[in-house]
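Please keep the sequence and the model in view while reading.

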Amino acid sequence: MGLTANDIQLFIPVLFHTSFDTAFDTAFDTASTRGGSMKRRVFLKHSLALASGLGALSAPALAQGPALRFGLTPVFLSNDLSLLNGLEEYFSNATGSRVELIQKRTYQEITTLLVAGRLDAAWICGYPFIRFQDALELLSVPVWRGRPRYQAYLIGAAGRDASSIDDLAGDLHCFSDPDSNSGYLVTTALLAERNMRPDDYFRKTFFAYGHRNVVRAVASKLAQSGSVDGYVWEVLSQIEPELTAKTTVISKSDWLGFPPIAAPKAAVGTPHFAAIRNAILNMHLDPLGKQVLDLLKLDSFGPPEGTDFAKIAGFMKKVRDFG
Amino acid sequence: MSFTGLRPASWPISIKIPLVVAILMIAIGTLVTERVLAKLSDIQDQNLKELSGAYLDGLSTSVLPHVLRADIWEIFDAIERSKSQYENISIVSTIVADPRDIILAASDPGEFPTETPIPESHLKTAIPEDMVRIRADLPVVRVTKNMEFQGQIIGKLMVTLDVKEQLAERRSVRLALIGTNTFFTVFFAAFGYLLTRRMTRPMQILAEHLDQTKEGGFTEINATDIGSSSKEISTLYNSYNSMVRAVNERDMLAATLHEEEKLASLGRLAAAMAHEINNPLGGMLNALETLKRHEGKPEVRQKSIGLLERGLKSIGEVVQTSLLAYRNRAAKRKLSEKDFADLRRLLRPEILRRAQTLDWKSDWRDELAIDGTSVRQIGLNLLLNASHAAGYGGEITFRSAIDKDSLRISVQNSGRGIPADLLHCLNNKNSKKLQLDDSAGLGLWVICRLVEELRGQIKATNSDAGALVSVEIPLKEAVVRHAA
């Protein structure tokens, strides 16, 4: 299965929410009902498949429970139905549960839902994870090019003569999202080191809410420079080379912890938490899961142990300290 | 082409009608072309107005909340998305600006950067959405629309539309119309030319046959032309041929009469000469008889010899005068006063025979640079005709004078005047048409012919007193010697 411009949707953490938390029962029921009969049909189909293929889980029991809510935040986004369907099908198969994929425009919306326990799991960014790490539990960290880490890029229009953020003063600058590590925090921290704030350093800034949108803004010269996820830019250079060809990478950050998949701490220890964790960590072992990983250009979803989010925490501290 | 040829009135009808057809076709074609293009322009303008209005309305709706928040990315994204939704209009650029005309986002941020003013050239050429009109001199139409929220203008949309396709369509339609109109104009002009040629062919045939009269003689229209013509034209041709036959017969008759008159003239001349010789001859015979009977009487012999001598001299004068009058005219010689004296002498027998009175006056002497023989012929014929017309006891007046560079001769006679048809022919110098029905006709015919040869003028008038014929003959040399 090939990956097209519309195929890529990098989902920030997915949360499988079993809705046992009575505090959110009403809200969940409302959302479940909104999913409609189609979700139920998918769920039933997958349940039948799991009944024969996934004996490790108590599939019939899970299939009869509430839907698992999977939070997706566009690190780079297009509404690729094949990717969404593949991901939904895989998780349904793997967990034996009916699955809802929840998409929001901003990181903040997904993070809020996740922290509030209204999502079972979500693929979020390292920055909100650090901010809310007391309320969240790491499930997995994606492995890209063999390692669970990535870089933040500063990009400009192709042919621009610049080598660092110091050459970008006075630009019309495009950020991805105010809760994005690579798309906001890293650049803001660099400026904090220089005792500058984005609105002072740049002529004007705006948010495009999506790393692919940042690349589009810079490529079309709507923005003179942009802060973007290095993983997104590299994947785009493979699947949309004509788009990234209009941009140039001005500087790259240090290697940072890859945006993780997290779940509310309240869900830890429940059977569903383990089922979700197993489904994610075994994705690269399953043919359907492998197809999803291929679409995402990822090697696998690895265990969270050993992943270093300290640098992101450091950026956050610098920014907070500068005020 | 001569100046006369430039006047349309002088153009042949076979040119005029096709030309009028062509002019009418061009006028109609121009009018139709103008109306079609105007209608096409209206349709294109209306179509563009509706499309641009729909585009601006749709875009306005989608970007309005983002304009309120000055959300650059969302405005840009909305513009990008709108491109695919309005593929039936060719959008060059779209600009979304704030009320101060500062750009928030544009379809081509490289050309229209955010936070820069809308170019002055765009502001000047932009027109409101309800006044969309394609101009032939501009390949684009720039339409603007204000975005209002709660009664306040919060921003401005400006879309530049590529109208080259519409202009090309107009050019294409114009060329097609011009091509079609030109084809039909040429076709109908050619058709009109051929039709007119065909319709006026009988007139041309008639004109050609009538033109032949300039070269002498009439010819009939041949049977082929008559057979291929309509009934009316055949009738016309047959009438013409009848006229031609009548004229030709008359000419033949005139030629016959001319020959007969020549013989009659010769007879009259012989009779006149016999008369002139007979008179002295009688006297001479009497003198000879007297001389025989009275040979011995010296007075009688002397008197008879004198009579014989005068008689012989008189016969000699008649012979000499005849020789001068009818000798070879090829031997040109100048006119002298003696020629006119001979005329008077030649006329005298006629004058005496008819007991007429001759008033003779000639105001010049010596010689004139003019053909003497021809002038003698003219004068003699004028005088003989005058004598003939004056009748018994009539009066004849002869005048000869130099007037400027010409010799003027006038002969007036009492009695009957010149017949009207001869008078007309004389005054119009048409010797061919002279009726040769009497002796005067032949004389006048000779006069006309000689005057024409001498490049002179004839003027003939009738009055109660009789007829007056004046002849004016130009002199070959301007200076006249011994003019009296």
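The paragraphs below treat one chain as a whole and then two local regions of another. The model is predicted.

**Chain A as a whole**

Chain A holds 13 helices and 14 strands. Of its 323 residues, 54% are buried. When contacts in chain A between residues at least 6 apart in sequence are considered, 83% of them join residues at least 24 apart.

**A hairpin in chain B**

Strands β1 and β2 of chain B pair in the antiparallel sense, over three bridges. Their residue ranges are given in the table.

| Strand | Residues |
|---|---|
| β1(B) | 91-97 |
| β2(B) | 103-106 |

Within this pairing, Ile95(B) of chain B is placed opposite Ala106(B), a residue of β2(B). Five residues lie between the two strands of the hairpin, in which Asp101(B) adopts a positive phi near 65 degrees.

**Helix α9 of chain B**

Helix α9(B) covers residues 337-353, 17 residues in total. From first C-alpha to last, α9(B) reaches 25 Å, close to the 24 Å expected at 1.5 Å a residue. Where does α9(B) bend? The bend, of about 35 degrees, is at Leu347(B), and the proline Pro349(B) follows within four residues. After the helix comes Ala355(B), with a positive phi near 50 degrees.

How values were computed
Residues are numbered from 1 along each chain as its sequence is written. Chains are lettered from A and ligands numbered from 1 in the order in which they are written. This is a predicted model: local features need pLDDT of at least 70, side-chain atom pairs count only at pLDDT 80 or more; totals for chains, interfaces and linings use all residues. The expected span of a helix is 1.5 Å times one less than its number of residues. The bend at a residue is the angle between axes fitted to the seven residues ending there and the seven starting there. A residue is buried if 20 or more other C-beta atoms lie within 10 Å of its own, exposed if 12 or fewer, and partly exposed in between; C-beta atoms are placed from the backbone. Two residues are in contact if their C-beta atoms, placed from the backbone, lie within 7 Å. Two strands pair if DSSP finds at least two bridges between them.
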